[in-house]
Amino acid sequence: MDSPTPGFTFGMRLGDVREGLGLTKSAMAKSLGIAPSTWSSYENDITFPSQDTIDLFCQLYNVNIGWLMTNEGQEYIATSEQAVASERNEILDMLSEGAPSREAAEDLLNKVMGLDPDVLKTALRAIALNNRNEDK
């Protein structure tokens, strides 16, 4: 078990995860269905999120709820921070092939990360179907 970092507040832990994922505060808020100002108040330890918001955050981003609440243990569940960064870079590499620049690909990825999960699944299915049709 990892030792907690003294002074590493709940809001700091939220910001640490968001920054590790390369998301803006606005993109993170959108992915959780809340206002950007609400997310900022969480990161600044002004207000505390509802249990539903905490559960959704942990589920979407594979965050260990025990670590988030107590600052003890591993930050991520089932995947390491390096694996998340690696997957993000792989996606950016794939997106960069069709984008005018790496920055444009990163902007696109941040927008995709902010989509409703059901909308994202539908879009990915459509892309997969289109790719299969192109391979024929």
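Phe 10, Leu 14, Trp 39, Pro 49, Thr 53, Ile 54, Phe 57 and Leu 68 line the largest cavity of this predicted model. On a 1 Å grid over the protein atoms alone, a cavity is a set of points where a 1.4 Å probe fits but cannot get out, and lining residues have an atom within 4 Å of a point. The structure holds one cavity of 30 Å³ or more. The volume of the largest cavity is about 30 Å³. Here a volume is the space filled by probe spheres set on the points, and grid points are joined across faces, edges and corners.

Which elements give two or more residues to this lining? They are α1 (10–20) and α4 (51–61). Helices (H or I, at least four residues) are DSSP runs, numbered from the N terminus. The largest share, three residues, comes from α4. By class, the lining divides into seven nonpolar residues, one polar and no charged. Nonpolar covers Ala, Val, Leu, Ile, Met, Phe, Trp, Tyr, Cys and Pro; charged covers Asp, Glu, Lys and Arg; the others, Gly among them, count as polar.

Two notes on reading the model. Residues are numbered from 1 along each chain as its sequence is written, and side-chain values use heavy atoms, with hydrogens and water left out. Because this is a predicted model, local features need pLDDT of at least 70 and side-chain atom pairs count only at pLDDT 80 or more, while totals for chains, interfaces and linings use all residues.

Trp 39 leads from the cavity lining to α3 (residues 36–43). In α3, Trp 39, Ser 41, Tyr 42 and Glu 43 are buried. Buried means under 20% relative accessible area, exposed over 50%, and partly exposed in between (1.4 Å probe, protein chains only). The buried residues of α3 pack against α1, α2 and α4. Helix α2 (residues 25–32) holds Ser 31. Ser 31 has 9% relative accessibility, so it counts as buried. Leaving aside neighbours within four places in sequence, Ser 31 is in contact (heavy atoms within 4.5 Å) with Leu 56, Leu 60, Tyr 61, Met 113 and Gly 114.

Now the ion pairs. How many salt bridges does a search of the whole structure find? It finds two. A salt bridge is a side-chain nitrogen of Lys or Arg within 4 Å of a carboxyl oxygen of Asp or Glu. Glu 43 forms one with Arg 18, the closest N and O atoms being 2.5 Å apart. Glu 43 lies in α3 and Arg 18 in α1, so the pair ties together parts that are 25 residues apart in sequence. Glu 43 counts as buried because its relative accessibility is 11%. Arg 18 also forms a salt bridge with Glu 19, where the closest N and O atoms are 3.6 Å apart. Arg 18 is buried at 7% relative accessibility, whereas Glu 19 is exposed at 56%. Shared partners join Arg 18, Glu 19 and Glu 43 into one network.

Asp 45 follows α3 and lies in the loop between α3 and α4. Its phi is near 55 degrees, a positive value in a residue other than glycine. Asp 45 is partly exposed, with a relative accessible area of 39%. Asn 62 sits in the loop between α4 and α5 (65–70). The phi of Asn 62 is also positive, near 55 degrees. Asn 62 counts as partly exposed at 35%.

Last, the rings. A pair of aromatic rings is described by the distance of the centres and the angle of the planes. Rings of Phe, Tyr and Trp (its six-membered ring) pair if their centres lie within 6.5 Å; planes under 30 degrees apart count as stacked, over 60 as edge-to-face and the rest as tilted. The count comes to five aromatic pairs. One of them, Phe 8 with Trp 67, is tilted: 6.4 Å centre to centre, 55 degrees between the planes. Phe 8 lies in the segment before α1 and Trp 67 in helix α5, so this pair ties together parts that are 59 residues apart in sequence. Phe 8 is partly exposed at 22%; Trp 67 is buried at 5%.

The rings of Trp 39 and Phe 57 have centres 5.6 Å apart and planes at 40 degrees, so this pair is tilted. It links α3 to α4, with Trp 39 and Phe 57 18 residues apart. Trp 39 is buried at 1% relative accessibility, and Phe 57 is buried at 2%. Ring pairs link Trp 39, Tyr 42, Phe 57 and Tyr 61 into a cluster.

Conventions. On a 1 Å grid over the protein atoms alone, a cavity is a set of points where a 1.4 Å probe fits but cannot get out, and a pocket is an open set with protein on both sides within 12 Å along at least five of seven lines; lining residues have an atom within 4 Å of a point.
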